[in-house]
Amino acid sequence: MTNTHLQMWRSFLETHSTVVKYLERRMEEQHGLPLSWWDVLIQLADGPEARLRMGELAESVLLTRSGITRLVDRMIAEGLVDREPCPGDRRGYYAVITQKGRDAIERIGPDHSKDAWEVFLGHITEEEAVLIGTVFNRVLAAGK
């Protein structure tokens with residue numbers, strides 16, 4: 001690893017931490033919603049039939065199975081998500097976004113996009129965005 005690579009790696013980690021902390025703080029201040037809940041809502045909204053198996057959801061939001069179960073339980077209590085049994089799998093369940101969850105995405109989305117622009121996206125040119133996207137996609141493909 002070159003010194004340039006090491007410096008870039010440290011900058012990447014620090015940037016990620018700074019951006020996530022900022023977005024977490026803004027989401028809580030503006031909407032009283034944990035950023036992890038936002039992530040779950042977006043993952044479910046983008047899933048087939050607006051639902052994902054619990055294991056798929058846990059993998060997509062980078063939480064442990066036990067962590068996602070507790071998180072989904074709290075979101076069910078708030079009416080943002082439902083849990084439905086998987087047909088043909090007595091032990092399997094889907095997490096399903098509710099209309100209240102969809103409404104939350106519609107209400108919160110513009111503020112979150114503005115915050116993401118302010119803290120990260122607005123500091124990157126179109127050309128840099130293309131290059132960074134290419135690099136990230138190559139790294140993601142290599143990790144699968």
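The legends below describe close-up views of a predicted model.

Residues are numbered from 1 along each chain as its sequence is written. In this predicted model, local features need pLDDT of at least 70 and side-chain atom pairs count only at pLDDT 80 or more, while totals for chains, interfaces and linings use all residues; side-chain values use heavy atoms, with hydrogens and water left out.

**View 1. W9 and F12 form a stacked ring pair.**
A search of the whole structure finds two aromatic pairs. A pair of aromatic rings is described by the distance of the centres and the angle of the planes. Rings of Phe, Tyr and Trp (its six-membered ring) pair if their centres lie within 6.5 Å; planes under 30 degrees apart count as stacked, over 60 as edge-to-face and the rest as tilted. The ring centres of W9 and F12 are 5.7 Å apart and the planes meet at 25 degrees, so this pair is stacked. Both residues lie in helix α1 (residues 3–31), three residues apart, which is about one turn of the helix. Helices (H or I, at least four residues) and strands (E, at least two) are DSSP runs, numbered from the N terminus. An α-helix has 3.6 residues a turn, so residues three or four places apart point the same way.

**View 2. F12 also pairs with F136, edge-to-face.**
The centres of these two rings are 6.2 Å apart and their planes stand at 65 degrees, so the pair is edge-to-face. The pair links distant parts of the chain: F12 is in helix α1 and F136 in helix α6 (residues 126–143), 124 residues apart. Buried means under 20% relative accessible area, exposed over 50%, and partly exposed in between (1.4 Å probe, protein chains only). W9 is partly exposed at 44%. F12 is partly exposed at 35%. F136 is partly exposed at 41%.

**View 3. Three strands form an open antiparallel sheet.**
The strand order is β1-β3-β2. The edge strands are β1 (51–53) and β2 (81–86), and each pairs on one side only. From one strand to the next, the twist averages 30 degrees. Two strands pair if DSSP finds at least two bridges between them. Six bridges join β2 to strand β3 (residues 89–97). One of the residues in bridges is V81, with I97 of β3 as its partner. Three bridges join β1 to β3. The hairpin of β2 and β3 has two residues between the strands, and G88 takes a positive phi near 80 degrees there.

**View 4. Helix α2 packs on the sheet.**
Helix α2 (residues 35–46) touches β1, β2 and β3. Contact means heavy atoms within 4.5 Å. The direction of α2 makes about 105 degrees with that of β3. Axes are lines fitted to C-alpha atoms, for helices over the stretch in contact, and angles run from 0 to 180 degrees between N-to-C directions. Buried residues in α2 include W37, W38 and L41.

**View 5. R51 lies over the face of Y94.**
R51 is 3.9 Å from the ring centre of Y94. A charge sits over a ring if NZ of Lys or CZ of Arg is within 6 Å of the ring centre and within 35 degrees of the ring normal. R51 lies in strand β1 and stands opposite V96 in β3. R51 is buried, with a relative accessible area of 19%. Leaving aside neighbours within four places in sequence, R51 is in contact with L44, E84, Y94, A95 and V96.
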